[in-house]
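Thanks, everyone. I'll keep this short. Please look at the model on the screen while I talk.

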Amino acid sequence: MHFIASRTKNYADKRELMNMVNELLGIQYNIAKANRTDRKVQNLAAYINADTLRAIHKTMDRKKAYGIDKVTKEDYEKNLEENLANLVKRMKNGSYRPNPTRRVYIPKETKGKMRPLGISSYEDKLVENAIAQILEQIYEPKFYNESFGFRPNRNCHQAVREIIEMVQYRKTNYVVEADIKGFFDNVDHEWLMKMLAHDIADRKFLEIIDKFLKAGVMENGKYLDSERGTPQGGLCRAR
């Protein structure tokens with residue numbers, strides 16, 4: 001019986017993997033089609049479905065902090081299929097509303113300063129993860145190779161190594177270090193949505209992102225509007 005159960009689980013895992021591959025291929029097909037036509041990607045919201053969200057759920061870290069709903073991965077997993085079906089239904093009929101993020105503070109590298117983080121509710125984390133993967137498919141090919149910030153399989157050590165190689169082996173006249181103060185706190189929602197609409201034609205997909213931007217923040221039991229900025233720590237809100 002254990003052997004049969006093990007084989008059944010393997011088949012289920014392989015089926016989910018194939019579903020994910022097919023979803024990614026579908027997104028890439030839509031991107032390629034956009035490049036041949038008006039350069040705007042369509043039909044993206046459909047990829048945030050039960051299969052995708054279930055696969056994302058399996059990858060979620062059980063040790064991650066919970067949001068204002070206090071729901072953990074274990075809690076959500078108890079009625080996983082019912083929860084996913086309900087979530088997908090709400091996303092399709094437009095009634096899905098992300099919860100406000102729970103704001104916490106952690107020490108910054110600069111001594112004495114604190115960095116605000118936004119912790120999403122578990123269900124919202126699943127949707128954020130799906131959105132982030134879709135946006136990654138669209139925008140990753142558009143970035144310059146010399147860009148390293150917040151990109152998959154890239155880090156600051158690689159950026160430093162690139163700079164060292166450029167200084168040592170290429171003609172370099174100057175090196176500039178710059179930072180945008182309070183960038184995440186001051187992102188203009190209207191301009192961000194305009195930038196996304198430049199490349200994406202799926203209104204429903206854009207509406208979901210806009211809902212995340214406007215979901216607000218809970219800090220010390222008090223609700224705060226989020227007219228500007230994106231919470232650091234959220235998978236799609238901070239991308």
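**Salt bridges and the core**

R62 and E77 pair up through their side chains, in a salt bridge with N and O 3.4 Å apart. R62 sits in the loop between α2 and α3, and E77 in helix α3, so this pair ties together parts that are 15 residues apart in sequence. R62 has a relative accessible area of 41%, so it is partly exposed. E77 is at 32%, and so also counts as partly exposed.

Keep in mind that this is a predicted model.

How many salt bridges does the structure hold? The count is 13. Here is the general point. Side chains of opposite charge can pair when their charged atoms come close.

Next pair: D199 and K142. Their closest N and O atoms are 3.7 Å apart. D199 belongs to helix α7, while K142 lies in the loop between α5 and α6, so the bridge ties together parts 57 residues apart in sequence. Is D199 buried or exposed? Buried means under 20% relative accessible area. D199 has 11%, so it is buried. K142, at 44%, counts as partly exposed.

Now D188 and R228. Their side chains meet in a salt bridge, 3.7 Å from N to O. D188 is in the loop between α6 and α7, and R228 is in the segment after β4, so parts 40 residues apart in sequence are tied together. D188 is partly exposed at 28%. R228 is partly exposed at 46%.

There is also a network. Salt bridges link D51, R54 and E81.

On to the inside. The largest nonpolar core has 36 residues. I48, I131 and F205 have the most contacts inside it. Which helices supply at least two residues each? They are α1, α2, α4, α5, α7 and α8. The largest share comes from α5, with 9 residues.

Stay with α5, which covers residues 122-139 and contains D124. D124 has 1% relative accessibility, so it counts as buried. What does its side chain contact? The side chain of D124 makes a polar contact with the side chain of Y96, at 2.5 Å.

Last stop, the surface. I163, V167 and V175 make a nonpolar patch of about 260 Å². V167 is in helix α6, residues 156-169. With a relative accessible area of 44%, V167 is partly exposed.

That's my tour. Questions, please.

Terms used: Residues numbered from 1 in each chain as written. Predicted model: local features only at pLDDT ≥ 70, side-chain atom pairs only at ≥ 80, totals over all residues. Heavy atoms only, no water. Helix = DSSP H or I, 4+ residues; strand = E, 2+ residues; numbered from the N terminus. Buried < 20%, exposed > 50% of the residue type's maximum accessible area, 1.4 Å probe, protein only. Polar contact = N/O pair within 3.5 Å; in protein donor to acceptor, adjacent residues only side chain to side chain. Patch = residues over 30% accessible without salt bridge, like charges linked within 9 Å, V, L, I, M, F, W, Y side chains within 5 Å. Areas by Shrake-Rupley, 256 points an atom, 1.4 Å probe, with all protein chains shown as cover. Salt bridge = Lys/Arg side-chain N within 4 Å of Asp/Glu carboxyl O. Core = buried A, V, L, I, M, F, W, Y, C linked by side-chain atoms within 4.5 Å.
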